[in-house]
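Reader: Hi! Could you walk me through this one?
Author: Happy to, here it is.

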Amino acid sequence: MNQQNEQSNVQLLIDAHDIHGLMCHYFDAVDCLDPFRAVEVFTDDAQGDFMTGKIYVGPKKIARALGRILLQYKHTSHHITNHRSTISGDTATALTYIYAFHRMEETGELWHLWARHIDTLVRTDQCWKINKRVLSALDSTPEWEKIKREWFYGHPGRRTHDMMSEQLRASAED
């Protein structure tokens with residue numbers, strides 16, 4: 001491995017670490033009920049889809065929407081599980097799996113959400129920033145009537161049970 005490749009690989013590791021840190025910063029602020037700190041991770045023209053049926057543009061609108069969402073909960077605790085970033089120069093994509101615990105403000109009941117953030121990012125002069133975020137829910141318990149099932153985007157590329165059954169049948173014939 002030559003020195004240039006080694007430096008490039010080290011930079012990729014640093015970038016991946018910085019992007020993961022961005023996700024941690026966001027969720028720390030969310031769990032502190034501080035949406036205006038949470039949106040520090042977004043570019044000025046960022047777009048956000050947060051399972052509300054709307055796309056919010058810009059940190060201020062995203063913060064206000066996030067604040068209204070968070071007011072529904074007495075407590076939240078967001079946990080990053082799997083995280084993968086793909087970096088190409090000054091752009092990147094990130095896929096961050098999330099388990100989110102919520103205690104409802106009005107009833108005190110628990111609501112659990114399993115989801116992912118699908119992000120596109122750009123490197124700015126100061127750091128990495130998110131310029132597009134989609135909160136893609138997989139499931140929740142209990143189901144919540146406020147959140148329409150069509151806002152649960154699921155797992156991109158997930159095959160149906162019929163597809164899997166067919167593959168298993170075909171592989172048994174080999």
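Reader: Thanks! Let's start with the second largest pocket: how many nonpolar, polar and charged residues are in its lining?
Author: The lining of that pocket has six nonpolar, two polar and six charged residues. Keep in mind that this is a predicted model.

Reader: Noted. What volume does the second largest pocket have?
Author: Its volume is about 270 Å³. It is lined by 14 residues, and the closest to its centre are Q72, M104, E106, T107 and W144.

Reader: Let me step back a bit. What does the secondary structure of the protein come to?
Author: There are four helices and six strands. Starting at the N terminus, the order is α-α-β-β-α-β-β-β-β-α.

Reader: And what does the C-alpha trace span along its principal axes?
Author: About 60 × 55 × 25 Å. The accessible surface of the protein is about 10,900 Å², and carbon and sulfur atoms account for 52% of that.

Reader: What share of the residues is buried?
Author: Buried residues are 37% of the 174 in the protein. As for contacts between residues at least 6 apart in sequence, 51% join residues at least 24 apart.

Reader: On to single residues. Where does T76 lie, and is T76 buried or exposed?
Author: T76 is in strand β3, which covers residues 73-88. T76 counts as buried because its relative accessibility is 15%, and the cut-off for buried is under 20%.

Reader: Which side chain does the T76 side chain make a polar contact with?
Author: That of D31, at 2.6 Å. Leaving aside residues up to four places away in sequence, T76 touches V30, D31, L70, F101 and H102.

Reader: Nice. What about D90, where is its place?
Author: D90 sits in the loop between β3 and β4, the latter being residues 91-104. With 48% relative accessibility, D90 counts as partly exposed.

Reader: Which residues does D90 touch, not counting those up to four places away in sequence?
Author: L121, V122, R123 and W128. With R123 there is a polar contact of 2.6 Å between the side chains. As for W128, D90 is 38 residues from it in sequence, while their C-alpha atoms are 8.5 Å apart in space.

Reader: Now the backbone. Which residues does the cis peptide bond run between?
Author: From T141 to P142, with omega near -10°. P142 is in the loop between β6 (128-141) and α4 (161-172).

Reader: I also wanted to ask about phi. What is the value for L33?
Author: L33 has a positive phi of about 60°, though it is not a glycine. You'll find L33 in the loop between α1 (3-31) and α2 (35-38).

Reader: Is M51 buried or exposed?
Author: M51 is buried, with a relative accessible area of 6%.

Reader: Great, thanks for the tour!

Note on methods:
Residues are numbered from 1 along each chain as its sequence is written. This is a predicted model: local features need pLDDT of at least 70, side-chain atom pairs count only at pLDDT 80 or more; totals for chains, interfaces and linings use all residues. Side-chain values use heavy atoms; hydrogens and water are left out. On a 1 Å grid over the protein atoms alone, a cavity is a set of points where a 1.4 Å probe fits but cannot get out, and a pocket is an open set with protein on both sides within 12 Å along at least five of seven lines; lining residues have an atom within 4 Å of a point. Grid points are joined across faces, edges and corners, and a volume is the space filled by probe spheres set on the points. Ala, Val, Leu, Ile, Met, Phe, Trp, Tyr, Cys and Pro count as nonpolar, Asp, Glu, Lys and Arg as charged, and the others, Gly among them, as polar. Helices (H or I, at least four residues) and strands (E, at least two) are DSSP runs, numbered from the N terminus. Buried means under 20% relative accessible area, exposed over 50%, partly exposed in between (1.4 Å probe, protein chains only). A polar contact is a pair of N or O atoms within 3.5 Å; within protein, one must be able to donate a hydrogen and the other to accept it, and residues adjacent in sequence count only if both atoms are side-chain atoms. Contact means heavy atoms within 4.5 Å. Accessible areas come from the Shrake-Rupley method with a 1.4 Å probe; for residues, only the protein chains shown count as cover.
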